[in-house]
Amino acid sequence: MNHLTEKQTARAFGGWQQRFEHASECLNCTMQFSVYVPPQIYANQPLPVLYWLSGLTCTDENFSTKSGAQRIAAELGMMLVIPDTSPRGDGVPDAPDGAYDLGLGAGFYLNAKQSPWQRHYRMYDYILEELPEVLASRFELGKAAIAGHSMGGHGALVLAMRNPDKYSSVSAFAPIVNPSQCPWGQKAFTAYLGEDRASWKYYDACLLAREMGENLNIPMLIDQGLSDNFLEPQQLTRPLEEICRYQGNPARFRYHGDYDHSYYFIASFIEDHLQFHARHLGLDTASNGFLAKG
């Protein structure tokens with residue numbers, strides 16, 4: 001299970017941008033993922049990791065080629081791990097009409113229960129369990145944080161809320177926060193999970209936050225562009241902010257005029273997010289590197 005094949009590698013900011021392939025037992029297919037390994041890999045101590053979950057239609061390459069995150073990650077000594085957004089390959093089912101919001105590129109970071117999806121579409125378990133195990137076969141990993149965009153923001157929030165022992169912090173750009181109540185989420189959840197909405201709550205950040213109440217204490221940063229054409233139709237960001245404010249949760253929500261849903265938005269504020277996670281991962285952001293031990 002843990003055999004990795006290196007597909008691409010390139011020098012970047014003193015570290016390495018790499019792409020790997022492996023046979024996934026969880027997803028029953030061959031998966032690819034990207035990593036950025038900072039120069040501090042040679043410091044003989046575990047690397048703090050930020051998992052980045054991308055949005056609808058993306059692969060593992062969108063973030064690595066468009067976000068500009070490698071420079072900051074190199075300065076901070078932070079490893080970036082960018083998985084794909086769904087299983088891929090022959091035999092993996094796709095939306096019968098070729099729709100972009102279901103099937104390939106639209107795994108929604110959940111464990112599907114319905115036919116024909118359940119054999120392959122188990123992205124929740126893949127991100128939480130299998131991918132870290134696969135990485136550990138090659139890298140010495142330290143503490144982990146998680147972040148994402150849109151559908152990936154949904155996945156990051158759900159994974160962090162349900163597993164606060166696994167992630168030191170969570171952040172998101174324009175996340176789908178209430179999929180049970182928006183068109184994207186309702187379509188995907190009906191297909192993957194079925195009509196019984198009782199199971200939907202496990203993958204809905206708003207429902208989880210409401211249920212957790214004061215027990216929701218993971219550090220959280222969310223950025224939202226006000227020119228995002230999905231903001232209102234898909235009910236991005238704001239429903240979760242309302243719940244957090246009502247419950248007195250100190251999660252930070254920021255809104256930015258004129259910014260849209262694109263990677264231009266992400267690239268504009270990604271440094272803030274990496275600095276945010278660095279503080280909770282135990283990195284000394286003032287000296288740009290590992291905190292001294294002792």
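Predicted model: local features only at pLDDT ≥ 70, side-chain atom pairs only at ≥ 80, totals over all residues.

Biologist: Is Arg254 buried or exposed?

Modeller: With a relative accessible area of 16%, Arg254 falls under the 20% cut-off and so counts as buried. Its salt-bridge partner is Asp272, with the closest N and O atoms 2.9 Å apart. The two sit 18 residues apart, Arg254 in strand S9 and Asp272 in helix H8, so this pair links distant parts of the chain. Asp272 is partly exposed, at 33%.

Biologist: How many salt bridges does a search of the whole structure find?

Modeller: There are 13. One of them joins Lys187 and Asp101 at 2.7 Å, N to O. Lys187 belongs to helix H5, while Asp101 lies in the loop between strand S5 and helix H3, 86 residues away. Here Lys187 is partly exposed at 34%, and Asp101 is buried at 10%.

Biologist: And the helices: how should I describe a packed pair?

Modeller: Two packed helices are described by the angle between their axes and the distance between the axes. For H6 and H7, the axes come within 9 Å and cross at roughly 10°. Angles under 35 degrees count as roughly parallel, so H6 is roughly parallel to H7.

Biologist: Which residues make the contact of H6 with H7?

Modeller: H6 contributes Ala205, Cys206, Ala209 and Arg210, and H7 contributes Pro239, Leu240, Ile243 and Gln247. By class, these are six nonpolar, one polar and one charged.

Note on methods: Residues numbered from 1 in each chain as written. Heavy atoms only, no water. Axes fitted to C-alpha atoms, helices over the stretch in contact; angles between N-to-C directions. Helix = DSSP H or I, 4+ residues; strand = E, 2+ residues; numbered from the N terminus. Parallel < 35°, antiparallel > 145°, perpendicular 65-115°, else oblique. Contact = heavy atoms within 4.5 Å. Nonpolar A, V, L, I, M, F, W, Y, C, P; charged D, E, K, R; others polar. Salt bridge = Lys/Arg side-chain N within 4 Å of Asp/Glu carboxyl O. Buried < 20%, exposed > 50% of the residue type's maximum accessible area, 1.4 Å probe, protein only.
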